[in-house]
Amino acid sequence: MTPLRLEAPAKLNLSLAVVGRRADGFHELVSDMVLLELADRLLLMPGCSGLRVEGEAAGSLPLDRENLAWRGLRAGLDRDPELECLTLEKRVPVASGLGGGSSDAAAAWRLARRWTGRPESARPTDMDALTGVGADVPFFASQLVAARVEGIGERVTAIDLPREARHVVLAHPPFALRTADVFGELRRNEWSGVAQPNGNDLLAPARRLRPELDEVFRLAVAAGGDPRLSGSGSTVFSLTDDPERADAVVRRLQRAGLRASHTRIRAEPASIEVIGEMEE
């Protein structure tokens, strides 16, 4: 088999509304999401079965079947990996509201589908199954750069990319927020019940769990940004149509002691690279 490589982009929630709760306890959402150029990288190679995680954001990610990339690979193969070796280069911060783990799972799923000679386009039945891996996995598997995601993540519909404000400033607080904890803190009266431009129903519970977020927002405003929370946090982002302004906001945030970076909303989904073909 020929080695395959694929980027796993991060995402932003441009809006996020809680519209209901199912009998099994899962919240139903409506969220407009876009892909970013910031991305992890996955490499699938023949050899002894196993998972390797490296990179600046690898941290304490599990190296067993609990790892979302490994679960995505298994779902794409429809079996336990046998002679497939997966390497994950981790660049997207963990538990940051940027969907890194779910994107890794979707990328591994796509790699496994190509590996076994099957279409890498997710069908409706695939979407339902992929929500069992992670709520954001169907969005990443859809290969859409911008989409409205509904239900518990299984309904994904293409939307137009933002015409302007494609440059993104990411402020990375020195703490993580677990999605389950934020939803656990969410109160019924905080459900907006309908999609609202730029709204995020998870902001209030995230702030209660991490009051330090208020200081991150204050610093972002002082730096010239228009801060919003992505997903359940903890990443705070600002959009602009001016790359020089984005760089200036990043520098001011860094001088204030925050880790910050400049990326862009993607114009195209990531494509699988066949390593042998590239070298030829």
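**Close-ups of a helix pair and a buried arginine**

**View 1. Where helices H1 and H2 touch.** In this predicted model, Leu68, Ala69, Gly72, Leu73, Ala75, Gly76 and Leu77 of H1 meet Gly101, Ser102, Asp104, Ala105, Ala108, Trp109, Ala112, Arg113 and Trp115 of H2 (contact means heavy atoms within 4.5 Å; helices are DSSP runs of H or I with at least four residues, strands are E runs of at least two, both numbered from the N terminus). Sorted by type, the residues of this contact come out as ten nonpolar, four polar and two charged (Ala, Val, Leu, Ile, Met, Phe, Trp, Tyr, Cys and Pro count as nonpolar, Asp, Glu, Lys and Arg as charged, and the others, Gly among them, as polar).

**View 2. How H1 and H2 cross.** The axes of H1 (residues 68–77) and H2 (residues 100–115) come within 7 Å and cross at roughly 30° (axes are lines fitted to C-alpha atoms over the stretch in contact, with angles from 0 to 180 degrees between N-to-C directions). The two helices are therefore roughly parallel (angles under 35 degrees).

**View 3. Arg266 in its loop.** Arg266 sits in the loop between strands E10 (259–264) and E11 (273–274). Arg266 is buried, at 10% relative accessible area (buried is under 20%, with a 1.4 Å probe and protein chains only).

**Notes.** Residues are numbered from 1 along each chain as its sequence is written, and side-chain values use heavy atoms, leaving out hydrogens and water. Because the model is predicted, local features need pLDDT of at least 70 and side-chain atom pairs count only at pLDDT 80 or more, while totals for chains, interfaces and linings use all residues.

Notes. Angles under 35 degrees count as roughly parallel, over 145 as roughly antiparallel, 65 to 115 as roughly perpendicular and the rest as oblique. Buried means under 20% relative accessible area, exposed over 50%, partly exposed in between (1.4 Å probe, protein chains only).
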